[in-house]
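I opened this notebook to record what I looked up in the structure.

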Amino acid sequence: MRSGHDILVGFRRRWQLMLWLEIALYALGPAMLIYLAFSNILWTILTLLLVGSIAAIVIKPWKKSLENIASYIDFHLEATEYSTGLLLVPEEKLSSLARIQQNRVTTRLVEKLKTIKPPNHLVRGTIILSAFILIGLVIYKYELLSNLQGSQQSKETPEAIVFKPTDTTKTVIQPPRLIGQQLMIDYPNYTQVPSVETSTMDIKAVEGSRVSWKIQFDQEIKSVTMESMGNSYPMKLIDGTYTGASTITSAGFYNFKFTDLQDRSYVSELYAIEVIKDKSPSVEIKGIKQFTSFAFNEDKKVSFTTAITDDFGIEDAYIIATVSKGSGESVKFREEKLNFNSKISKGNKNMNLSKNIDLDQMKMEPGDELYFYVEALDRKRPKPNTSRSETFFAVIKDTVPDTFAVEGTMGVDLMPDYFRSQRQLIIDTEKLLKDKSKLSTKDYKSRSNELGFDQKVLRLKYAEFMGDESEFGGTAEGDVESPEHEDEDHHEEGHEDEDPLAKYTHKHDSENEHNLVEEKKEDPLEEYLHNHEDPEESTLFTQSLKSKLRQALNEMWDAELYLRLYTPEKSLPYQYRALKLIQEIKNSARIYVHRIGFDPPPIKEDKRLTGEIDEVSGYRKTETLEQEDAYPSIRVTLARLEQLISESGTITEDDKLLFGQAGNELATKAIEDPGKYLETLQQLKWISEDVTVPSEALEELQKGLFLALPELKPNAAKQQQQTSKINELLLKELEIND
């Protein structure tokens, strides 16, 4: 059973809900009246909010407290014995008798509370709402406020085509009257925009839309043409209606012209053609940096999302990825077209596509680079608009290749060739790991041990190159000789000229050494190794390079250790780090030649600082640049208008042709700013059609054409001033005195 307090809270909630409903009824009545009378949504909303706020302030449903609820129940329900207030007191604060009475009141409220209804005036609110709606329907049906509505509707009523006769000197008779006009715009199919029919002649449509006109007169006429930008298009008579059609490709103006049976011409006002260009798709790649690099042992995956939007729908989208291998003249490119993870839904205006590119699946190796961008096409026909994103890069780091670069100088690389043999060790180790499943355990361990010995030989060579000399019987610092070769070492003592490591090393480590140094030198490393007798040449490298080479030797030592322990997969990271250090040393130890520049010829001492320039010839070029005038016909028209105004002349056929050309030039500016030049263009059109224009209109037309011309830029020039004989004598006298 619910507690007494919860019962009172529920009763208060019902009461407040009825009061809010009553406020809504009061507010809806006036709002519906305003909507039916004026059909104005803004006024309706304002009335609803205003009346609702006033009613809420008056009724105040939020001020109904539990004490008021208890008093109301005590007054209307005798069974509570005026003890409902006990339900608001906590049970622990009541005496035993009061607790018994509290329980009795709770039980009776559960049984008989439904017989009490919260006080409200919903019936009154419903009557007020019905009255307002009834009054509004009467006003709407009988148009009692038509005067106020007419001012709003007149703005939306399209203006009819107004024709003016081109010659008013002839006998005035009743001209043909226009009784019907219609403009139909059929948008391209790919836009999925429905066709539009209107009686307004101004056109605003997507590029490539099909526009057709229908014009009907009250009597028979001879012909009707549609004129646009100096071209005329005759309209056909079909079932008493003149029709014409055209495809909109560019902005401009047009007008109608018809001739009656008495060969009198009538021309309409100009109407604007506004072309909406189909925008190219917008492509944006998110969730990735423009340049991403990966180490050889990382998870080489590129993940990103692409947001594509278009005004009329997207046709297709894909990724163009290009993989580059090699460098210099041997670089090779491979281009692939990749699809997104999800299928393209053609026709959608907004798309969010994702893609994961695995560089390993793209068959990329260390040193390779990936360039990719997203390309999107919209649904425009016959040729779609195409957009592409910025180009993004993904590179797998490679410390192996020799990146030799010299800015503005010539360089010579004289490092020994066996600096590159660590690469072969890495390749052999990776091949051993790849062939592990095909080899027996004995062969696998044997090959790993051989690679460990090759790593040791290479480490000894680097140690000797750095200056840590040692005979084979006493190895370099930190080296431990393999016991299995001790006997061979003792047999080979005394043969100082023979290389004790010859049968263990790879031939490619030394087979090319004769090409690196001159043959006449006995020791091929004599030029590079330190010399104890010369203190200035006691070391090949600087201290920083020697420390790097020492680090490389330590990495080689660890690499050899794991190869000897038959775990080449643990040796590989050490080999890569050693190779990286060696590459840094190699690129730092460059030998450069002197920079080649321009050496000017010597200057004769007897001519130096004399300031004589008689034998010096200068070069001077004079060129006259002429800018083509963009408005030649308008300038000639201004001169002709001035002549017509001053002499009160008549317009000739040549003038009509001139005014038509000027109108075409002015139309290019009127398209950009029709509010400023449209009236002037209309006047030019009427004059070119032999419409009689008073002199005041000619002056106004002349003023409009002057405003259409661009301002002339000031041209600096030397001005000639007249001087008298006295001024010349005075100037000569001043020169003499100076």
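How many helices and strands are there in the protein chain? I noted 16 helices and 23 strands. I kept in mind throughout that the model is predicted.

Entry on the chain as a whole. I found that 37% of the 738 residues of the protein chain count as buried. I put its accessible surface at about 47900 Å², with 52% belonging to carbon and sulfur atoms. I then looked up contacts between residues at least 6 apart in sequence: 68% of them join residues at least 24 apart.

I traced an open sheet of five strands, ordered 3-2-5-9-8, with antiparallel pairing. Strand 3 (196-198) and strand 8 (236-238) each have a single partner strand and stand at the edges, so one side of each lacks a neighbour in the sheet. On average, neighbouring strands of this sheet are turned by 25 degrees against each other, direction ignored. Within the sheet I examined strand 5 (residues 210-217) and strand 9 (residues 241-247), which pair in the antiparallel sense over six bridges. Opposite Trp213 I located Gly244 in strand 9.

Entry on helix 15. I recorded 14 residues (695-708) for helix 15 and a reach of 20 Å from first C-alpha to last, close to the expected 20 Å. Which residues in helix 15 are buried? I listed Ala697, Leu698, Leu701, Gln702, Gly704, Leu705 and Ala708. These cover an arc of only 165 degrees around the axis, which puts them on the same side of helix 15. On the other side of helix 15, I noted Glu696, Lys703 and Leu707 as exposed.

Terms used. Residues numbered from 1 in each chain as written. Predicted model: local features only at pLDDT ≥ 70, side-chain atom pairs only at ≥ 80, totals over all residues. Heavy atoms only, no water. Pairing = 2+ DSSP bridges. Helix = DSSP H or I, 4+ residues; strand = E, 2+ residues; numbered from the N terminus. Axes fitted to C-alpha atoms, helices over the stretch in contact; angles between N-to-C directions. Buried < 20%, exposed > 50% of the residue type's maximum accessible area, 1.4 Å probe, protein only. Contact = heavy atoms within 4.5 Å. Areas by Shrake-Rupley, 256 points an atom, 1.4 Å probe, with all protein chains shown as cover. Expected span 1.5 Å × (residues − 1). Arc of directions from axis to C-beta.
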